[in-house]
Amino acid sequence: MQIVQCVRDEHWMDRALDLARTGEAQASPNPMVGAVVVKNGRAVGGAFHTYEGLRHAEVLALDAAGPAARGATLYVNLEPCCHTGRTGPCTDAILAAGIRQVVVAAADPNPAVAGRGIKRLRAAGVRVKIGVRQVEARRLNEAFCRWITTGRPLVTLKSALTLDGHVALPHLPGRPQERWITSVDSRAEVQRMRHRSDAVLTGIGTVLSDDPLLTDRTGHPRRRRLLRVVVDSRLRLPPRSKLVRSRDRNVLVFTTQSPESSHARALRRAGVEVVRVRSRANRPDLGAVIEDLGRREILSVMLEAGPRLNWAALEAGLVDKVFLFYAPKIAGADHLPVARGRPWKRAPTLRNISLHRFGSDFAVEGYLRDVYRNR
């Protein structure tokens, strides 16, 4: 009987997680939360949270259930809040609705909650079960966890490589250079990754050599535009670049140069925000860049850069996660690696590795730190 109940709990929690994912790119800087109210083996209410919608998933699901919520079980992927923020405590709404049991996937890492919501419900006589689909729930909101506990966004280094480790294919005389290393399927996944991110970060070298757009082209709804960030020591970003001229002019440049120079003024006229940050080795201090993005309530950053900026971010310990796409190609040319700089004192080592397939390509996903322990 206990096994049957576990299977049922996992089924309904999967429904709550699916609802939470519906709020992707619409909840930030809040976590993604989905809730399902179940009574007599069937769902009588369900909802997900969006930042603009204001009300939390639990309250919306209870409203959808109406009187049927009394004596029912509430499934939610994140611990209900017990404090007043933009809305009142969800725990109060749960108690007022007469919910008999709450099944929670993961505790809220927000220090304002952090187990207090569960204690409040139990103290009022509500049965609380925690840990159903915890791994999936934590992963869903890993960016929120990183930001709410450290003030810094989750940084994911993304790159495309050949099997022999090149990030670019050779340019042969008389033959056009192949623009893409990876397949259409991999590039579609990159767009989905951008959609899940609050910002994409690159270096001026990539902009000057590739002239990328770096936009979210999924067409899916998002609450705020994808912030495109350029690290540009000498402020060389061309006002006529695709990045600046694109319709979505949400561009931020970090530099060590004066923000009052004529070039900086020209960029600002084009809609670019120019910020001067402290320097480190005559380059913008990447730690200062990430701290600034955290203050802007940027929860997640995708690093799409060249070897030198990738190396600098890894060396500074700013990368939390790595996602490498491998194409079944062999470049066989001078090596252009993912990261290039001084030899490592200690090589970055991935853990909790996952493998994915995208058409003819495969991808390696792994972590450089435990986000929930921030080490």
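**Close-ups of a helix pair and a pocket**

**View 1. Where helix α2 touches helix α3.** On the α2 side, Glu58, Val59 and Leu62 do the touching, and their partners in α3 are Cys90, Ala93, Ile94 and Ala97. Sorted by class, the residues of this contact come out as 6 nonpolar, no polar and 1 charged. Keep in mind that this is a predicted model.

**View 2. How α2 and α3 line up.** Helix α2 covers residues 57–65, and helix α3 covers residues 90–97. Their axes sit 9 Å apart, and the two helices pack at an angle of about 20 degrees. Angles under 35 degrees count as roughly parallel, so α2 is roughly parallel to α3. As for handedness, α2 makes a left-handed crossing as it passes α3.

**View 3. Into the second largest pocket.** This pocket holds about 770 Å³ of space. Its lining is made up of 33 residues, and the ones closest to the centre are Arg139, Leu140, Glu142, Arg196 and Lys321.

**View 4. Who builds the lining of the second largest pocket?** Two or more residues come from each of these elements: the helices α5 (134–140), α6 (142–150) and α7 (184–196), plus the strands β6 (154–161), β13 (300–303) and β14 (321–326). Which of them gives the most to the lining? That's α7, with 4 residues.

Terms used. Residues numbered from 1 in each chain as written. Predicted model: local features only at pLDDT ≥ 70, side-chain atom pairs only at ≥ 80, totals over all residues. Heavy atoms only, no water. Axes fitted to C-alpha atoms, helices over the stretch in contact; angles between N-to-C directions. Parallel < 35°, antiparallel > 145°, perpendicular 65-115°, else oblique. Left-handed = near helix turned anticlockwise from the far one by under 90°. Contact = heavy atoms within 4.5 Å. Nonpolar A, V, L, I, M, F, W, Y, C, P; charged D, E, K, R; others polar. 1 Å grid on protein atoms, 1.4 Å probe; cavity = no way out; pocket = protein on both sides within 12 Å on 5 of 7 lines; lining within 4 Å. Points joined across faces, edges and corners; volume = space filled by probe spheres on them.
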